[in-house]
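Trainee: Could we take a close look at the aromatic rings here and what surrounds them? I'd like to go through it slowly with you.

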Amino acid sequence: MNLAYVAGFVDGEGCINFARSRKQTFPRLLVVNTNRAILGKLKDRFGGDIQPQAKHNGWKQAYQWRISNGKCVECLKNISPWIEIKKPQLALVLAWDAARPGKGNRQDQELMALLSDKLHGLNSYGELAMTGGGIDASSRR
């Protein structure tokens, strides 16, 4: 599968965000589409899983491909030269990757919260999206 094509697919149909599990924050890449076959190709290439979405009346069945943690970072690094729309989100995931501790060590919760807040702002609609979330270190509580 062509990496430039994957980048365009992620830019147009994907969502890059952070999720939480207990006290750990980790990156996640989600792509939703009605064509399960193309999502299967993404899964074959990068790993992850595919889940059906809730079906709405009159709509085709949609599916979600999802990868997290290291697989997410690896995928995003591979397609990074071609990402255009989601460059700011990609940069935050790469910052997470640079700051994450090794096995058995604790995450810097303040830094993870800052990265998560910033990414949430980038993924929001309206004024927050226009300003990139407006989060800076001085605005943290």
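How many residues apart in helix H1 are Tyr-5 and Phe-9?

Mentor: Happy to! Tyr-5 and Phe-9 are 4 residues apart in H1 (residues 3-13), so about one helical turn separates them. Helices here are DSSP runs of H or I with at least four residues, strands are E runs of at least two, and both are numbered from the N terminus. Please keep in mind that this is a predicted model, in which local features need pLDDT of at least 70 and side-chain atom pairs count only at pLDDT 80 or more, while totals for chains, interfaces and linings use all residues. Residues are numbered from 1 along each chain as its sequence is written, and side-chain values use heavy atoms, with hydrogens and water left out.

Searching the whole structure gives 2 aromatic pairs. Tyr-5 and Phe-9 make a stacked one, at 5.9 Å centre to centre and 20° between the planes. (Rings of Phe, Tyr and Trp, the last by its six-membered ring, pair if their centres lie within 6.5 Å; planes under 30 degrees apart are stacked, over 60 edge-to-face, and the rest tilted.) Tyr-5 is partly exposed, with a relative accessible area of 46%, whereas Phe-9 is buried at 12%. The rings of Phe-46 and Trp-65 form a tilted pair, because their planes meet at 45°, with the centres 6.3 Å apart. Phe-46 belongs to helix H2 (residues 36-46) and Trp-65 to strand E4 (residues 63-68), so this pair ties together parts 19 residues apart in sequence. Phe-46 is buried, at 10%, and Trp-65 is buried too, at 0%. Buried means under 20% relative accessible area, exposed over 50%, and partly exposed in between, using a 1.4 Å probe and protein chains only.

Now for the surroundings. Phe-46 and Trp-65 are among the members of the 33-residue largest nonpolar core that touch the most other members, a group that also includes Leu-29, Leu-39, Leu-76 and Ile-79. Such a core is a set of buried Ala, Val, Leu, Ile, Met, Phe, Trp, Tyr and Cys residues joined through side-chain atoms within 4.5 Å. In soluble globular proteins, nonpolar side chains tend to be buried together.

Leu-29, for its part, is in contact (heavy atoms within 4.5 Å) with Trp-65, and with Val-10, Cys-72 and Leu-76 among others, leaving aside neighbours within four places in sequence. Helix H3 has Cys-72, Val-73, Cys-75, Leu-76 and Ile-79 buried. Elements covering the buried residues of H3 include H1, H2 and E4.
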